[in-house]
Amino acid sequence: MKAEGIESRFSILLTSLLLLPFCSCSRHPALTAEQRAEDIKFLAKWAKDYSPFVELNEKLRGLPNYEAVAPRYAQMAAEAKTDAEFFQVVYGYFSLLGRSGHGHLLSEGSLRGFLYEARSEPGQLPPDQLKAGLYWPRIEESCCYVHPPFRIDHDGGEDRMHEDWRCRGGSIPKGSKIVRVNGKPCSAYLEWLRKETWIRHILRDTDWITETLLVVREGGEFRGWQVDFQLPDGTTRGAFVPCSSGLPGPTDFSDYESSDGNCVCLELAEDVGYLRVKCMGKMFIEKDGKQIREFLERSGGKYHKLIIDVRQNGGGLHYYAFDNLIAPFLDKSVAYSEIGGIRRPFLNDHEPAFLERLRRGVSIFAHERDIKEIEPPVGWDPARWIFYQIERRVDPRDRYKFSGRLFILIDGGTGSAADEYVNMAQRIGLATL
C-alpha cells in the first residue's frame with residue numbers, strides 16, 4: 001500500500017488545491033485568451049483526476065456534466081474582456097465542480113486561521129504560500145458580492161428589515177417590507193440577476209440569492225440599489241441603498257460567538273434537555289465540553305431524553321464530536337468500520353508525507369485501529385480508484401451525568417465533521433436520528 005491510512009474524506013482538497021496553485025503573488029501577469037481557456041481545461045482535468053465528488057453532481061443533483069460544459073466555459077474565459085469577467089467565469093465553473101463536497105473558496109478569515117497554524121505547527125503549508133492564497137477571496141469580494149448597510153429577514157416569500165436603518169430624509173423602521181428593487185418586484189429582480197449578471201455563469205442552484213436578496217454585484221461601477229419599502233404603518237417610501245463590497249460580516253467562526261455562544265444548553269421540560277451545537281471548530285472543543293458537562297451535572301441526572309441539535313452545523317474537527325458528543329456518553333468501548341475510496345491518480349501524484357499532513361490537519365484519522373486496502377466495489381474501476389476499510393474504536397471517557405435516550409436533529413446543512421458524527425452515532429446505535 002503506497003500511503004497508509006488514506007481514506008475518502010479528502011474533500012478539503014477542493015479548497016486547498018484549487019486555491020493555491022493559481023496565486024503565487026498578489027500581482028499577476030496578463031493572460032492571453034488561450035491561457036485563460038487553458039485554465040478552464042486545467043480545472044476539468046483536475047476534477048477528473050483528483051475529485052471524488054464531481055460525478056455526484058450529475059447523478060444525484062441533476063446538474064450538467066462538468067466535462068461536457070468545459071468547452072463552453074473555456075470559450076467564455078477566452079472572450080472575457082476584464083479580469084473581473086474572467087474570474088466570474090472561472091468562479092461559475094468552479095461552483096459546479098465543488099457542488100458536492102467541500103468545494104468553495106476559502107474565505108480570508110479561514111486562510112488567516114491556516115496562517116496561524118502554519119506558524120505554530122511544523123509540516124504545514126509554507127506561510128508565504130498561504131498568504132498568496134488571500135488573493136482569491138479578495139478578488140471574489142471585489143468582483144462578485146456586495147451587501148447593504150442593514151440585515152434582511154426572508155420569510156414566507158417576503159423580505160423585511162431586520163433592524164432600523166437611518167437614511168437620507170428619514171429612517172426605515174424594523175419590519176418594513178421590501179417591495180421593489182430598481183423598479184422591479186423582488187421576484188422579477190431576482191430573475192433579472194440570474195439572466196443578466198455574472199450569476200448566469202453558475203450552473204448549480206442559485207436559490208441562495210432569494211434568501212439574501214441584496215447581495216449580487218450587478219457589474220460596472222455598481223454603487224447600490226433604489227429600493228421601495230412598505231413601512232409597518234402601510235405607507236411607502238423609496239430610498240437609495242448604498243452597497244459595500246463583500247458578504248456581510250461577521251464571517252467564519254465569529255458567527256458562532258454571538259450572545260448565546262457556540263453551544264446552547266437548555267431545559268425544555270422537567271425530563272428533557274437540549275444541546276444546540278453550531279460548529280465543531282477546534283477552538284470550541286474544551287470550552288463547549290466543560291459547558292455540556294456542567295449543564296448535565298446541574299440536572300442531577302433527571303433527564304430521560306437529551307436532544308442534540310446539529311442542524312446547519314457545517315462541521316469542524318472530528319475530535320469535537322468524539323470528545324464532547326460520543327465518548328462521555330459511553331459505558332463501554334464501541335467499534336465500527338467504514339469503507340472509503342480515493343482517486344488513484346491523486347494518490348500517485350502526491351507525496352505520502354503531504355497526504356499524512358492533510359489527514360492530521362482535518363482529524364479524519366481519529367480513533368483508527370486498523371486500515372487496509374480492499375477490492376473496489378462492483379462498478380468502480382481499480383485503475384482509477386483505490387478503496388480502504390477503516391476500523392475505529394472509541395473508549396468511554398469521564399461519563400456525563402445522563403443515562404437516558406439520545407436524539408440527534410439533522411438537516412441538509414449538517415456537513416463534514418458533523419455529518420461524520422451522525423454517521424458514527426447511527427453505526428454504533430448511540431442515538432435516534
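Student: Is glycine 238 buried, partly exposed or exposed?

Tutor: Glycine 238 is partly exposed, with a relative accessible area of 43%; buried means under 20% relative accessible area, exposed over 50%, and partly exposed in between, using a 1.4 Å probe and protein chains only. Before going on, note that this is a predicted model, in which local features need pLDDT of at least 70 and side-chain atom pairs count only at pLDDT 80 or more, while totals for chains, interfaces and linings use all residues. Residues are numbered from 1 along each chain as its sequence is written, and side-chain values use heavy atoms, with hydrogens and water left out.

Student: Where is glycine 238 found, and which residues does glycine 238 touch?

Tutor: Glycine 238 is in strand 9 (residues 236-242), where strands are DSSP runs of E with at least two residues and helices are runs of H or I with at least four, numbered from the N terminus. Leaving out residues up to four places away in sequence, glycine 238 touches Gln226, Val227 and Asp228, contact meaning heavy atoms within 4.5 Å.

Student: Switching to helix 4, which of its residues are buried?

Tutor: Helix 4 spans residues 66-79, and its buried residues are Tyr66, Val69, Ala70, Tyr73, Ala74 and Ala77. An α-helix has 3.6 residues a turn, so residues three or four places apart point the same way.

Student: What covers the buried residues of helix 4?

Tutor: The cover includes helix 2 (33-50), helix 3 (54-61) and helix 5 (83-97).

Student: And where does helix 4 bend?

Tutor: Helix 4 bends by about 25° at arginine 72, the bend being the angle between axes fitted to the seven residues ending there and the seven starting there.

Student: What caps the N-terminal end of helix 4?

Tutor: Asparagine 65 does, with a side-chain oxygen 2.8 Å from the backbone nitrogen of glutamate 67.

Student: Now the strands: why is strand 14 largely enclosed?

Tutor: Strand 14 (residues 334-343) is largely enclosed by the rest of the structure because 7 of its 10 residues are buried. Strand 14 runs antiparallel to strand 16 (residues 385-394), and 10 bridges join them; two strands pair if DSSP finds at least two bridges between them. Within this pairing, tyrosine 336 stands opposite arginine 392 of strand 16.

Student: What about the open sheet, in which order do its 4 strands come?

Tutor: The order is 11-12-13-17, with mixed pairing. Strand 11 (263-269) and strand 17 (405-409) are the edge strands, each pairing on one side only.

Definitions and conventions. The expected span of a helix is 1.5 Å times one less than its number of residues. A polar contact is a pair of N or O atoms within 3.5 Å; within protein, one must be able to donate a hydrogen and the other to accept it, and residues adjacent in sequence count only if both atoms are side-chain atoms.
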